Amino acid sequence: MNYKTKGAALVACMLAISVASMPQKACAQLMCSTNPQQTAQQRPIWLGTSGGNIQSLIRKKGNNKLIGCFSGTLGSMVEDATDTEYILSNNHVLADQNAAKPGQLIVQPGLVDVECVRSQSNAVATFSRAIKLRFGGHKNFVDAALAAVEPGQVSPSILFIGPISSDVDSDPTIGMPVQKMGRTTCLTTGVIAVLDANLKVNYSDTKKPHVATFINQIAVTGSLKTPTFGGPGDSGSLIVTSDACPLAVALLFAGSSNGCLTFANPITEVLSRLSVSMVGTCSEDVASEGTGADVLAANIGVSKDVEASAKAVRDRHESQLMSVPGAVGSGIAAGDQPGQAAIEIFVTKMTPQAQAAAPTEVEGTPVKVIESGEIVAY
């Protein structure tokens with residue numbers, strides 16, 4: 001596909017997004033193969049695209065030699081009580097793991113997509129603040145940060161998803177269909193597979209681990225259409241429902257190294273800790289009734305009471321579960337029987353030692369061991 005053809009197709013897709021959801025999906029399938037989310041967007045930019053801090057450079061320790069750069073996803077737009085608008089993404093995308101200073105430029109596309117060239121003309125926002133990431137065994141709830149929007153530079157709509165609701169889904173369920181638009185894997189669909197996940201996430205870009213502990217996270221698996229839901233560079237993507245007027249569900253920040261699971265902060269926790277709300281531009285009466293979320297969740301049948309009971313059992317036995325060789329996390333998933341919940345243990349490798357050490361059940365709740373590989377910040 002040549003440049004002119006790409007441009008014409010992209011314009012057609014953009015028009016389709018504002019008209020109907022079905023053409024939008026067809027356009028996304030066409031255009032994701034050309035990675036428009038990794039290129040410079042016409043201002044105001046769409047969200048769900050490549051971006052990050054203009055200082056996101058990787059230098060060699062000792063001689064300070066530039067050896068690379070990194071980017072994530074500029075996920076969505078939020079606002080505070082004074083109606084100031086911000087881009088919402090991760091701390092490790094906008095704040096470089098607690099290192100950024102207020103006022104630093106946030107650029108689109110991110111440095112990794114412009115060969116690490118820092119251009120002030122690519123700025124669309126300025127870093128404002130972040131929830132501090134804590135390492136060394138301290139508990140984290142979110143990996144989140146804000147960047148104040150420059151006037152006229154950012155649209156609240158998400159590429160290939162379009163406008164979203166100002167409301168959020170505050171009570172996600174196992175089996176709920178979701179979607180996200182991100183810098184690396186573009187538009188993907190999946191289902192919530194695990195709730196209440198406690199994780200050990202490696203943030204290091206070297207061989208030496210730099211691990212942060214997170215609690216009460218969400219895990220998503222891909223769909224038949226898009227088996228891999230997220231990948232490195234998708235951090236900061238907003239995970240939303242599949243409705244015509246989508247509701248925010250979670251903020252993507254990490255994943256398993258084998259690609260089977262993508263992890264995200266519950267959006268209610270993110271918004272509460274940042275004291276902001278979603279900027280939504282579609283109205284509730286547009287929301288579709290046929291997404292299948294309720295039907296799928298009902299078929300899986302894991303009620304909130306059953307989930308909460310399984311979580312309580314997991315919490316009481318967490319030290320035992322995490323003593324399984326290679327364990328990097330645990331969470332609550334659907335069991336093998338309708339209406340049943342199970343505890344899943346994530347291990348870096350399915351070794352005979354891990355299988356032998358893991359219980360098959362605790363207090364009557366089934367336990368499954370899942371090979372996830374290392375869990376890493378995306």
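**Close-up 1. Lys180 in its strand.** In this predicted model, Lys180 belongs to strand β13, which covers residues 177-182. Setting aside neighbours within four places in sequence, Lys180 touches a run of residues that includes Thr185, Cys186, Leu187 and Thr188. Its other contacts include Ile161 and Leu252, as well as Ser237, Leu238 and Ile239.

**Close-up 2. The side chain of Lys180 and two backbone oxygens.** Follow the Lys180 side chain and you will find the backbone oxygen of Cys186 at 2.8 Å.

**Close-up 3. Lys180 and Asp234.** Is Lys180 buried or exposed? Lys180 is buried, and yet has no salt bridge. The nearest side chain of opposite charge belongs to Asp234, 4.0 Å away. Asp234 is still one of the residues in contact with Lys180, as is Gly230.

**Close-up 4. Ser223 in its loop.** Now we turn to another residue. Ser223 sits in the loop that links β15 (211-222) and β16 (238-241). Ser223 counts as partly exposed because its relative accessibility is 23%, and the partly exposed range lies between the buried limit of 20% and the exposed limit of 50%.

**Close-up 5. Ser223 and residues from elsewhere in the sequence.** Which residues does Ser223 contact, leaving aside its neighbours within four places in sequence? They are Thr189 and Gly190. With Thr189, the meeting is between side chains: the two make a polar contact at 2.6 Å. Look for Thr188 too: Thr188 and Ser223 are 35 residues apart in sequence, and their C-alpha atoms are 8.1 Å apart in space.

Notes: Residues are numbered from 1 along each chain as its sequence is written. This is a predicted model: local features need pLDDT of at least 70, side-chain atom pairs count only at pLDDT 80 or more; totals for chains, interfaces and linings use all residues. Side-chain values use heavy atoms; hydrogens and water are left out. Helices (H or I, at least four residues) and strands (E, at least two) are DSSP runs, numbered from the N terminus. Buried means under 20% relative accessible area, exposed over 50%, partly exposed in between (1.4 Å probe, protein chains only). Contact means heavy atoms within 4.5 Å. A polar contact is a pair of N or O atoms within 3.5 Å; within protein, one must be able to donate a hydrogen and the other to accept it, and residues adjacent in sequence count only if both atoms are side-chain atoms. Lys and Arg count as positive and Asp and Glu as negative; His and the chain ends are not counted.
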